[in-house]
Amino acid sequence: MSSISGPAINRRALLRAGACVAAVASLPRAAATAVGQIDLTAAPGRLSIVGKPHPATKVWCYGNRVPGPEFRVPQGQPVRIAVHNRLPEDTTVHWHGIRLPNAMDGVPGLTQAPIKPGVIFTYEFAPPDAGTFWYHPHADSLQQLGRGMAGALIVEEPEPVPVDRDVAWMLADWRMTGDAQIASGFGNAMEAGMAGRVGNTVTLNGIVSDEVPVRAGERIRLRLVNSALARIMALRFEGHRPVVVAIDGQPCDPHEPEGGRVLLGPAMRVDLCVDMSGDPGKRYRVIDDFYDGLSYWLTELAYDEGPPARPRPLEAPLTLPRNPLPEPDLASAERHELRLQGGMMGGGAMMGMGGMRGMGPMRGMGPMRGMGDAASWAINGVSITGDGHADMPPLLTLQRGQTCVLTMHNETAWWHPMHLHGHSFRVLRRNGSSVSHRQWADTVLLPPRQSVEVAFVADNPGDWMLHCHVTDHQVSGMMTVLRVA
Ligand code: C2O
Ligand code: CU
């Protein structure tokens, strides 16, 4: 489907010594359904990521674990999360996908002052939507996210659909050296103009996973979160037929993914309902084959020997209750075009290239506003670089309550998961054809040279970022701001 240059992915590259890695259980739940004060410390740590006999990896993390603690909070109830910064540099936390007040959005300079080392900042909001969300830093994002800072934030429906187990898989991608340390070289300009920092080791809930134990006949709600800096994933579940029930936390009409592959760009989430229809004692691979010639298996579903949990699949419905999202009024909508520009040319043909073929002039690059980072990308001719800072001029100002239809045109040779803060949008059309299953999203993946049309009601006042979630692309210019007045 697409190609990348750089080191070939081999999830076992660091495991050749015949090491045996512990099975993944579901994450320990830190603050399950606890409302009230949650404490979250951001600090350096040392954790076993690749598994024995490899040494522990020096990471930066939340709550001394990778991924950070999985928070499960009830829909609509206030949450307070006190973030202690014990990193050697400034940080902030962005609650990705939650429609919250602007001052709680975690964008340094734009919505809050960065949290200095040694300082505590308390975030407070009442998540209006149930679903699968996540949190990550919005300061020095390349390093902070790339060194392990990310966690799941699950907002629970008052009445969830009946399943046997509800499990989150935080997927992360690391560029590891031979001694299981995080490779340096964040912010490489050449990579920034291509696919971004794609790593060589993919983890599931913080470890390289050999297996996930399951039981025949059970139904699992699987909440997938792609927390990678740059890696796009396309997951296939051998021998199974997962059903997509929500995208970016927002329920959709239940459907099987196209071609049986679940496509997940960075920051995207998909909730699946999976009936464990395999045979007791057998193993089935979960394969990611997004990049041509670089497919690998993420884990194996390892069936217990025991008899099926039930004689036939559960018949309970899969439709989740919809969230209280304002429905766009297309008749009165304001329409705007966003052109995504820049990058190196010939994105599909970089594989195995040692040189710079395809390096073209960056088209349409206009004024650059940033913090001294090099610009490789632009939106409508303007490059805003970095992670967020003061004086980012809004590209558009929308009146509160106005419906906005945005058509994003990807004029580049690369994929871009485009994320809007503070809102969820309806995904209306791709390349002019309507999108089925009533999909909403906060991060929409644009293939090279394609377009997507989304609509949302600008009901949340403030300055909101809109950027590509391939972190190298964001920090090197594919970022802008929408103001809701
Ligand atoms: Cu996860 Cu500015 O985003
Ligand atoms: Cu991008």
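Trainee: Which residue does Ile247 stand opposite in β15?
Mentor: Ile247 stands opposite Gln250. Strands here are DSSP runs of E with at least two residues, helices are runs of H or I with at least four, and both are numbered from the N terminus.

Trainee: Before going on, what are the ground rules?
Mentor: This is a predicted model, where local features need pLDDT of at least 70, side-chain atom pairs count only at pLDDT 80 or more, and totals for chains, interfaces and linings use all residues. Residues are numbered from 1 along each chain as its sequence is written, chains are lettered from A and ligands numbered from 1 in the order in which they are written, and side-chain values use heavy atoms, with hydrogens and water left out.

Trainee: Fine. In what sense do β14 and β15 pair, and over how many bridges?
Mentor: Antiparallel, over three bridges; two strands pair if DSSP finds at least two bridges between them. Their hairpin has two residues between the strands, and Asp248 takes a positive phi near 50 degrees there.

Trainee: And which residues of β17 are the bridge partners of Val243 and Val244?
Mentor: Cys273 is the partner of Val243, and Leu272 that of Val244. β14 (residues 243-247) and β17 (residues 269-275) pair in the antiparallel sense over four bridges.

Trainee: How many of the five residues in β14 are buried?
Mentor: Five of five. Buried means under 20% relative accessible area, exposed over 50%, partly exposed in between, with a 1.4 Å probe and protein chains only.

Trainee: What is the strand order in the sheet?
Mentor: β10-β9-β12-β17-β14-β15, an open sheet of six strands with mixed pairing. β10 (201-204) and β15 (250-255) stand at the edges with a single partner strand each, so one side of each is left without a neighbour in the sheet.

Trainee: Where do His416 and Cys468 lie?
Mentor: His416 is in β26 (residues 416-420) and Cys468 in β32 (residues 462-468), so the pair ties together parts 52 residues apart in sequence. Both are buried.

Trainee: And how many helices and strands does the protein have?
Mentor: Three helices and 33 strands. Of its 485 residues, 61% are buried.
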